[in-house]
Amino acid sequence: MKYVSILIMFFAMVTTGNPAYGVTADQIGIVKSMVGDVVIIRNNQDIKGEINLILMLSDTVKTGPNGKAGLILDDDTIISMGPNSKVVIKDFLFQPNEKKLSLIVKVIQGTISFLSGQISKLAPNVVHIELPFATVGLRGTHVLVKVD
């Protein structure tokens with residue numbers, strides 16, 4: 001009987017995750033704060049932004065004319081987005097025990113504040129911010145970017 005109860009609880013936990021958020025091993029952070037219109041584009045689907053929404057690898061985060069968003073990645077990187085901004089998390093790998101580290105953020109438009117986290121402290125050469133006409137390599141710092 002105890003075995004059946006454990007099996008039922010395990011099955012319930014596995015099947016009750018919210019599929020819209022796509023909680024898998026590709027989870028890379030969360031939406032920590034937001035105001036106004038914020039949309040996460042995942043697999044060509046728009047997901048309305050909300051606080052504590054899980055961010056996944058390859059997500060595009062987009063703010064509207066009255067929107068602002070604060071993102072925190074699993075390595076404590078903080079990305080703050082102003083109105084009319086669009087950012088893609090192209091690559092994120094944070095496995096410090098295996099020395100597997102990478103972070104590439106593509107800024108398509110808008111105003112972005114980027115405060116580097118643990119990846120840039122452990123391996124500064126693997127953190128990049130891609131812009132339409134340049135790539136910025138970070139060495140553990142705070143950067144403000146505006147792309148028209």
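Start with N84, which sits in the loop between β7 and β8. This is a predicted model, so read every value here as computed from the predicted coordinates. N84 comes out as partly exposed, with a relative accessibility of 39%. Leaving out residues up to four places away in sequence, N84 touches T63, G64, P65, Q109 and G110. T111 is 27 residues away from N84 along the chain, yet the two C-alpha atoms are separated by 8.0 Å.

Is S85 buried or exposed? S85 is buried, because its relative accessible area is 0%. S85 also belongs to the loop between β7 and β8. Its side chain reaches back to the backbone oxygen of G82, at 2.9 Å. Beyond four places in sequence, the contacts of S85 are V61, K62, T63, Q109, G110, T111 and I112.

## M81 and the nonpolar core

Now for M81. Skipping neighbours within four places in sequence, M81 is in contact with V61, K62, T63, K68, A69, L71, K86, V87, T111 and I112. M81 is also one of the residues that touch the most other members of the largest nonpolar core, a group of 30 residues; the others are L55, L71, I79 and L103.

Which strands build this core? At least two residues each come from β1 (27-35), β2 (38-42), β6 (68-73), β7 (78-81), β8 (86-95), β9 (100-115), β10 (127-131) and β12 (142-147). The top contributor is β9, with six residues.

## A69 and its strand partners

A69 is part of strand β6. With a relative accessible area of 5%, A69 is buried. Its contacts beyond four places in sequence are S33, M34, V38, T63, I79, S80 and M81. From A69 to E50, 19 residues apart in sequence, the C-alpha to C-alpha distance is 9.5 Å.

Strand pairing puts these contacts in context. β6 pairs with β1 in the antiparallel sense, over six bridges, and M34 stands opposite A69. β6 also pairs with β7, again antiparallel, this time over four bridges.

Look for S58 in the loop between β4 (54-56) and β5 (60-63). S58 counts as partly exposed because its relative accessibility is 47%, and the exposed class starts only over 50%.

K99 is another non-glycine residue with a positive phi, about 55 degrees. Where is K99 found? It is in the loop between β8 and β9. At 73% relative accessibility, K99 counts as exposed.

## The chain as a whole

Zooming out, the chain has two helices and twelve strands. Read from the N terminus, the order is α-β-β-β-β-β-β-β-β-β-α-β-β-β. The chain has 148 residues, and 38% of them count as buried. Its accessible surface is about 8800 Å², with 58% of that belonging to carbon and sulfur atoms.

How much of the contact set joins residues at least 24 apart? Counting contacts between residues at least 6 apart in sequence, the share is 52%.

Mean pLDDT for the chain is 84, and 78% of the residues reach 70 or more. Confidence is highest in β5, at 98, and lowest in helix α1 (residues 2-15), where the mean is 44.

Residues 3-23 need some care: pLDDT stays under 50 over that stretch, and the model has eleven contacts for it beyond four places in sequence. Where pLDDT is low, the predicted coordinates should not be read in detail.

Methods:
Residues are numbered from 1 along each chain as its sequence is written. This is a predicted model: local features need pLDDT of at least 70, side-chain atom pairs count only at pLDDT 80 or more; totals for chains, interfaces and linings use all residues. Side-chain values use heavy atoms; hydrogens and water are left out. A nonpolar core is a set of buried Ala, Val, Leu, Ile, Met, Phe, Trp, Tyr and Cys residues joined through side-chain atoms within 4.5 Å. Buried means under 20% relative accessible area, exposed over 50%, partly exposed in between (1.4 Å probe, protein chains only). Contact means heavy atoms within 4.5 Å. Accessible areas come from the Shrake-Rupley method with a 1.4 Å probe; for residues, only the protein chains shown count as cover. Two strands pair if DSSP finds at least two bridges between them. pLDDT is the predictor's confidence in each residue, from 0 to 100. A polar contact is a pair of N or O atoms within 3.5 Å; within protein, one must be able to donate a hydrogen and the other to accept it, and residues adjacent in sequence count only if both atoms are side-chain atoms.
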